[in-house]
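Colleague: Could you take me through this structure slowly, one question at a time?

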Amino acid sequence: MTVTLIWLIAFAVILFLSLKGWDGPYGRFIDRRIPKALRSRDDRWVWCVALAILGATLIVNPVSMLLTLLILLLVGWVVLKLIGWGMSKARTRK
């Protein structure tokens, strides 16, 4: 029960701060990174809630989040290496 309460408080605080900072640097950062085809009128709510969920989970379960991040980075690195290897093989065959 305590972990849930901490998560809810962290979620509420992060959501409030991200909504407050949307017109500042956080909103501009998201606008620069998201392609125009993926933008909508509700970007503020989608990205602020996503940030609040990730932030609250990181506060409550930091080790699990870091291990998940490491696994995702490792998988991404392997995929990039495989793509690079495949592209080099495709270029050599004519």
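Modeller: Helices are DSSP runs of H or I with at least four residues, numbered from the N terminus. This is a predicted model, in which local features need pLDDT of at least 70 and side-chain atom pairs count only at pLDDT 80 or more, while totals for chains, interfaces and linings use all residues. Residues are numbered from 1 along each chain as its sequence is written, and side-chain values use heavy atoms, with hydrogens and water left out.

Colleague: Which helix gives the largest share of the nonpolar patch?
Modeller: The patch on the surface is formed by L58, V63, L66, L67, L69, L70 and L73, with about 670 Å² of accessible area together. Such a patch takes Val, Leu, Ile, Met, Phe, Trp or Tyr residues with over 30% relative accessible area and no salt bridge, their side chains joined within 5 Å (areas by Shrake-Rupley, 1.4 Å probe). The largest share, six residues, comes from residues 62-92, that is, from helix 4.

Colleague: Is V63 buried or exposed?
Modeller: V63 lies in helix 4 and is one of the residues of the nonpolar patch. Buried means under 20% relative accessible area, exposed over 50%, and partly exposed in between (1.4 Å probe, protein chains only). The relative accessible area of V63 is 57%, so V63 counts as exposed.

Colleague: Which residue forms a salt bridge with R44?
Modeller: A salt bridge needs a side-chain nitrogen of Lys or Arg within 4 Å of a carboxyl oxygen of Asp or Glu, and the structure holds one. The closest N and O atoms are 3.2 Å apart in the salt bridge that R44 forms with D23. R44 lies in helix 3 (residues 43-60) and its partner in the loop between helix 1 and helix 2 (25-33), so parts 21 residues apart in sequence are tied together.

Technical notes: Helices (H or I, at least four residues) and strands (E, at least two) are DSSP runs, numbered from the N terminus. Patches are made of residues with over 30% relative accessible area and no salt bridge: like charges are joined within 9 Å, nonpolar side chains (Val, Leu, Ile, Met, Phe, Trp, Tyr) within 5 Å.
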